[in-house]
Amino acid sequence: MHWKVKSKIQNILALFPKSISYVFYYWVQRNFGNLRNPNPTKRMKFAIESWKHIQNTGQNPIGKVFFETGTGRMPVVPLSYWLMGAEKTITIDLNPYLKKELIIDCLEYISKNKDAIMNLFGPLIVQERMDRLIKKRPFSINEFLNLCDIDYIAPGDASNTKLSNNFIDYHISTTVFEHIPKDILKKILEEGNRIIKKNGLFIHRIDYTDHFSHSDRTISEINFLQYSRSEWEKLAGNRYMYMNRLRHDDYLRLFKSVGQSVIDTKVYENKYLNKLLNDKHFKLNDDFILKSNNVLSITGAWIVSKKK
């Protein structure tokens, strides 16, 4: 689907009350989009990689408490942490998106592809927990959450969690921060500083790409950098496709501004974008003109930080 057609559909749906538009948007995703055949492995890989980032700092995540911003349709990341030995995961979302049928589909996939899932986790898997998951196969959301030690808060506010001070060990998100306005991100990180333990870590995976390019291969991963703020607001300022368009250097400054020190990063670059940025036909908007091609070519990153 052409990205501007998708934009128009999303903008029209966003005009309806949430109770109506969310139901219809889910129907569209379930019947025509990426929810037709849910596959949890991509999110599992993100969870495994974040777990390894923690281990690389010399810490052991087993038996620890995780806090996740942005649950989404299926709590695959919290499930993965439980399978690797976490004590529990508190996951919070602005909207109650969880769907029973998607959780069942996810568990069906794991059951049918058990050997592949076991190989994916390797030595990180807790065999007894995997066996319990396959054996019990919970068929209600609450059964699933209880089995996997997941505290689900939705609707919830990650910038005002009501959790106690120094309560969590790890503050994580997976391709969520790019959908949150900068001022709210700052509040979320400040709240994270309050609820995280002294030696706790923030581990966040951020996707810097234009998400319309995920389904429309005719545009580049930085197509949206050609538009002014007002133009982009008209195209993608709705609840379904909002992207803040912050770049990697913006995030590093943001983390520093809330009193955190970045202790590790892993960036993903697309070298083709360097060539595109030098093309006279690609008109970079003035908001990004002062940034280097190297920064603009970064399509995603892991950022690991801790409060000072």
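**Figure 1. Charged side chains over the rings of Tyr22 and Tyr26.** In this predicted model, Arg239 places its charged end over the ring of Tyr22, at 5.4 Å from the ring centre. A lysine takes part in a further arrangement of this kind, in which Lys99 lies over the face of Tyr26 and is 4.8 Å from the centre of that ring. Tyr26 is also one of the residues in contact with Leu102, when the neighbours of Leu102 within four places in sequence are left aside.

Figure 2. Leu102 belongs to helix α5, which covers residues 100-112, and with a relative accessibility of 0% Leu102 counts as buried. Apart from neighbours within four places in sequence, the contacts of Leu102 are Tyr26, Arg30, Leu35, Pro38, Arg73 and Met74. For one of these residues, Leu35, the separation from Leu102 is 67 residues in sequence, while the distance from C-alpha to C-alpha is 8.1 Å.

**Figure 3. Aromatic pairs, with Phe46 and Trp302 in close-up.** Over the whole structure, a search finds 17 aromatic pairs. In the pair formed by Phe46 and Trp302, the ring centres are 6.3 Å apart and the planes stand at 70°, which is over the 60 degrees required, so the pair counts as edge-to-face. This pair links distant parts of the chain, since Phe46 is in helix α3 (residues 41-56) and Trp302 is in strand β7 (residues 298-307), 256 residues apart. Both partners fall under the 20% limit for burial: Phe46 counts as buried at 12% relative accessibility, and Trp302 counts as buried at 1%. Elsewhere, ring pairs join Trp3, Phe212, Phe224, Tyr227 and Trp232 into a cluster.

Figure 4. Seven strands form an open sheet with mixed pairing, in the order β3-β2-β1-β4-β5-β7-β6. The edges are taken by β3 and β6 (260-269), each of which has a single partner strand, so that one side of each is left without a neighbour in the sheet. From one strand to the next, the twist averages 15°. Helix α11 packs on this sheet and touches β5, β6 and β7, and the direction of α11 makes about 10° with that of β7.

**Figure 5. Strand β1 and its pairing with β2.** Strand β1 (residues 65-69) is largely enclosed by the rest of the structure, because five of its five residues are buried. From this strand, Val65, Phe67 and Thr69 point one way, whereas Phe66 and Glu68 point the other way, and all of them are buried. Strand β2 (residues 88-92) runs parallel to β1, and five bridges join the two strands. Within this pairing, Val65 stands opposite Lys88 of β2.

Figure 6. Although Asn166 is not a glycine, it has a positive phi of about 55°. With 44% relative accessibility, Asn166 counts as partly exposed.

**Figure 7. Positive phi at Arg245.** Arg245, a residue other than glycine, has a positive phi, near 65°. The loop that holds Arg245 lies between α10 (229-236) and α11 (248-257). Arg245 is buried, with a relative accessible area of 7%, whereas Asn166, which also has a positive phi, counts as partly exposed.

Note on methods. Residues are numbered from 1 along each chain as its sequence is written. This is a predicted model: local features need pLDDT of at least 70, side-chain atom pairs count only at pLDDT 80 or more; totals for chains, interfaces and linings use all residues. Side-chain values use heavy atoms; hydrogens and water are left out. Rings of Phe, Tyr and Trp (its six-membered ring) pair if their centres lie within 6.5 Å; planes under 30 degrees apart count as stacked, over 60 as edge-to-face and the rest as tilted. Helices (H or I, at least four residues) and strands (E, at least two) are DSSP runs, numbered from the N terminus. Buried means under 20% relative accessible area, exposed over 50%, partly exposed in between (1.4 Å probe, protein chains only). A charge sits over a ring if NZ of Lys or CZ of Arg is within 6 Å of the ring centre and within 35 degrees of the ring normal. Two strands pair if DSSP finds at least two bridges between them. Axes are lines fitted to C-alpha atoms, for helices over the stretch in contact, and angles run from 0 to 180 degrees between N-to-C directions. Contact means heavy atoms within 4.5 Å.
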